[in-house]
Amino acid sequence: MDPIARRDQRMLAMQRRTSYLFFPIVALLALSWARVVKRLSIRDPRQIRARFAALIGETHGPVLICANHLTLLDTIVIVWALAPIHRYIRRYSLFPWSVPEKVNFSRTWFWRVASFLGKCVYITRGGPRHEVNRSLAKITHLLRTGEVVSIFPEGGRSRTARVDTQNFTYGVGQIIQAVPETRVLCVYLRGRDQDTYSDFPRTGDEYVVELEMFHPTTVYSGLRAARDLATQIILRLAAMEARHFAHRE
Amino acid sequence: MTDQATFDRVIDIIKPYVKNGDRLATAKPETRLLEDLGVNSARLVDIVLAFEDEFDIAIDDEAADRVSTLGDAIAVIQEKTR
């Protein structure tokens, strides 16, 4: 993987500082919108936050959050579920960097500003190799510097409404190859009424959020290693989903 | 192995990943995997790994990045089997 350019390092540092200054306002606005306008809720948030705190406390080294993906609000739900706002203010590296698709999230000024303040690193799915590599270099740099990064390893919202074990991307595997000490925090989230993928969850929906940390490793190298690592993560999420539905029935 | 033999084997390998099956019947070396044949970009890695298995070669990331058309794929395979 290409090394990160100094200019990109400086830009990320500047983005982090600016984002931190605006974080209380941005977080309050986003959470108010989710809680008041969309009337969303999370089941047992205290338990989830205690588990996240314990998992992070036990872990030394980089942490990559890998979650299933069904709506455009998934990132907000994850941030909301894992810790209260004041905890992110005290330890801003826990507020995860996100990796949204550039085409979808840079269309308007609103999304560009929101992405900048929301600690986002754009990626172009299926884009030119040098652009994708530049994004991956930024992500690995962030992990190495102790920042938590959040990614949707399926590469998009699942069209099957279940963790897609057939059509996922291997980019997450390349990231772990580059930073092999990375621990993966698998986050399985699902709204009670979320039967399929959508832009937004149904108003009034309640989310269940489950967490599992593991350290993916591989005996392979090159592209085969990236595929193997990405597959391990997807299968872990699929197993969490199977347990979720077994428990629900 | 002749260019045509390699081409035929490449076609067989990529067949399961192709969405525009009609284009495959008239495919030429200039045919682009993503744009013309509708291969999902994420599946390019699977195709490259299938080339490795089928031709018993190792394709590094740099060579894999060069695979854009059928002709590119054949060139990489021939370079590695030489």
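Two strands count as paired when DSSP finds at least two bridges between them. Keep that in mind for this predicted model, because the cut-off of at least two bridges is what lets us talk about partners for strand β5 of chain A. That strand pairs with β6(A) in the antiparallel sense, over 8 bridges. Chain B has 5 helices and 0 strands, and gets its own section below.

**Strand β5 of chain A**

- One partner is strand β2 of chain A, residues 63-67, which runs parallel to β5(A) and is joined to it by 5 bridges.
- To find your way around that pairing, look for A:Val63, which sits opposite A:Arg183 in β5(A).
- Another partner is β6(A), made of residues 206-214, and this pairing is antiparallel.
- Here a handy landmark is A:Val184, with A:Phe214 of β6(A) opposite.

**Chain B: make-up and overall form**

- Taken along the principal axes, the C-alpha atoms of chain B fill a box of roughly 30 × 25 × 20 Å.

**Chain B: burial and contacts**

- Of the 82 residues in chain B, 26% are buried.
- Take the contacts in chain B between residues at least 6 apart in sequence: 47% of them join residues at least 24 apart.

Notes: Residues numbered from 1 in each chain as written. Chains lettered and ligands numbered in written order. Predicted model: local features only at pLDDT ≥ 70, side-chain atom pairs only at ≥ 80, totals over all residues. Helix = DSSP H or I, 4+ residues; strand = E, 2+ residues; numbered from the N terminus. Buried ≥ 20, exposed ≤ 12 C-beta atoms within 10 Å, placed from the backbone. Contact = placed C-beta atoms within 7 Å.
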